[in-house]
Amino acid sequence: MENSSKTIELRGFLQLDAFLKKKFGTMPVFLEIDGPISGLELSKQLEIKRDDIEVIFVNGFVQQVDYIINPGDRVAFLPPGCPGPYRIALGFYGKNQDNEANFKLKKDT
């Protein structure tokens, strides 16, 4: 395990796991960052499309994609498509209202 004060531990779920393994050749990825960075900024640096991320986990808690990540954090990107019951239990719904990738029920018009 990497032990640098500027390092984050990075993972992906589902297809993002495969993407990161292909890009870095290993999992988890230990990535140096210069200081605080938002999940959205980090995803851009990693060339992960915005539509491919529904939420991020930071230190085991669900957060919005624009949540600030700090050196030493454990981070995971989660794509859309997590099964229904887990969405509420893990907190996706509350952290994800402004996200276009969020699962939303269509209202009858």
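Modeller: Happy to! In this predicted model, the largest nonpolar core has 18 residues, and those with the most contacts inside it are Leu10, Leu42, Ile69 and Phe77. At least two residues of this core come from each of β1, α1, β2, β4 and β7. There is also a second, separate core of 5 residues, including Val55, Val62, Ala76 and Leu78.

Let's stay with Leu10 for a moment. Leaving aside residues up to four places away in sequence, Leu10 touches Leu20, Met27, Pro28, Val29, Leu31, Leu42, Leu46, Val75 and Phe77.

Now for the sheet itself. Its 5 strands form an open sheet in the order β2-β1-β7-β4-β5, and the pairing is mixed. The edges belong to β2 (29–32) and β5 (61–63); each has a single partner strand, so one side of each is left without a neighbour in the sheet. From one strand to the next, the twist averages 30 degrees. Helix α1 (residues 15–24) lies across β1 (7–12), β2 and β7, and runs at about 125 degrees to β1.

Further along the sheet, β4 (residues 55–58) and β7 (residues 74–78) run antiparallel and are joined by 4 bridges.

The Glu9 side chain makes a polar contact with the side chain of Arg11, at 2.8 Å.

How values were computed:
Residues are numbered from 1 along each chain as its sequence is written. This is a predicted model: local features need pLDDT of at least 70, side-chain atom pairs count only at pLDDT 80 or more; totals for chains, interfaces and linings use all residues. Side-chain values use heavy atoms; hydrogens and water are left out. Two strands pair if DSSP finds at least two bridges between them. Axes are lines fitted to C-alpha atoms, for helices over the stretch in contact, and angles run from 0 to 180 degrees between N-to-C directions. Contact means heavy atoms within 4.5 Å. A polar contact is a pair of N or O atoms within 3.5 Å; within protein, one must be able to donate a hydrogen and the other to accept it, and residues adjacent in sequence count only if both atoms are side-chain atoms. A nonpolar core is a set of buried Ala, Val, Leu, Ile, Met, Phe, Trp, Tyr and Cys residues joined through side-chain atoms within 4.5 Å. Buried means under 20% relative accessible area, exposed over 50%, partly exposed in between (1.4 Å probe, protein chains only).
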